[in-house]
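Subject: Structure handover

Hello,

Here is the structure I said I would pass on. My notes on it follow below.

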Amino acid sequence: ASVVKVLVEVLQPDHGRVYDPCCGSGGMFVQAEKFIYDHNGDPQGIKVYGQENNERTWRMAKMNLAIHGITGNLGATWGDTFARDLHPDLEADFILANPPFNIKDWNRIEKDPRWRYGVPPAGNANYAWIQHMLHHLAPTGTMATVLANGSLSSKTSGEGEIRKNLVENDLVEC
């Protein structure tokens, strides 16, 4: 099974707001819709939110949503999730993401309110993705993401401390 399918099967996003901050061509949303159909649910019960940095891919995602009849908001334009969050007030019931691994050159703002568990290092956005998603998670929401293997053990530039804070705040289930 694909990574996308596994994430959707684990979270079972069958209602509410579903968010992917690096949505690519919208594969997570299409898989969520398929999950709902497979379980005799109503795909109109979800509303998807996403953001994509690449113009061409963003346009493909919009087309993908339209073809599948999925109600969604991918922002008025494409854009960098870290530089300009297109859904600043979103509290998502489900967050599904497969962010690009180990981005070295990303728009880091040290005093960003999203860095609740520690400021991510300038040379790697992995923990920025995690904290961005946690920032958008509703109080009863759940999140599934894929990260680079090194994210589980890296201690460079404060990543170990951020990971410790995430675990101590009971934010990691598996």
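Which side chain does D93 meet in a salt bridge? The partner is R17, with 3.3 Å between N and O. Please keep in mind throughout that this is a predicted model.

Salt bridges

The D93 and R17 pair links distant parts of the chain. D93 belongs to strand 4 (residues 92-97), while R17 belongs to strand 1 (residues 16-20), and 76 residues separate the two. D93 has a relative accessibility of 16%, so it counts as buried, the limit being under 20%. R17, at 31%, counts as partly exposed.

E110 pairs with R108, and their closest N and O atoms are 3.6 Å apart. E110 is exposed at 53% relative accessible area, whereas R108 is partly exposed at 31%.

E168 pairs with K164, with 3.9 Å between the closest N and O atoms. E168 is exposed, with a relative accessible area of 57%; K164 has 41% and is partly exposed.

Strands 4 and 5

Strand 4, which holds D93, pairs with strand 5 (residues 137-145) in the parallel sense, over five bridges. Within this pairing, A97 stands opposite T145 of strand 5.

The largest pocket has a volume of about 890 Å³. It is lined by 25 residues, and those closest to its centre are M143, L171, V172, E173 and C174. Helix 1 (3-11), helix 4, strand 5 and helix 5 each give two or more residues to this lining. Strand 5 contributes the most, with six residues. By class, the lining of the largest pocket is made up of 18 nonpolar, four polar and three charged residues.

The second largest pocket holds about 200 Å³ of space. Which of its 16 lining residues are closest to its centre? They are N53, D80, P100, I103 and W129. Its lining comprises seven nonpolar, six polar and three charged residues.

Backbone points

Two asparagines deserve a look when you go through the loops. N40 has a positive phi of about 55 degrees, although it is not a glycine. N40 lies in the loop that runs between helix 2 (27-38) and strand 2 (46-50). Is N40 buried or exposed? Its relative accessible area is 74%, and the cut-off for exposed is over 50%, so N40 is exposed.

N102 also is not a glycine and has a positive phi of about 55 degrees. With a relative accessibility of 31%, N102 counts as partly exposed.

Regards

Terms used. Residues numbered from 1 in each chain as written. Predicted model: local features only at pLDDT ≥ 70, side-chain atom pairs only at ≥ 80, totals over all residues. Heavy atoms only, no water. Salt bridge = Lys/Arg side-chain N within 4 Å of Asp/Glu carboxyl O. Helix = DSSP H or I, 4+ residues; strand = E, 2+ residues; numbered from the N terminus. Buried < 20%, exposed > 50% of the residue type's maximum accessible area, 1.4 Å probe, protein only. Pairing = 2+ DSSP bridges. 1 Å grid on protein atoms, 1.4 Å probe; cavity = no way out; pocket = protein on both sides within 12 Å on 5 of 7 lines; lining within 4 Å. Points joined across faces, edges and corners; volume = space filled by probe spheres on them. Nonpolar A, V, L, I, M, F, W, Y, C, P; charged D, E, K, R; others polar.
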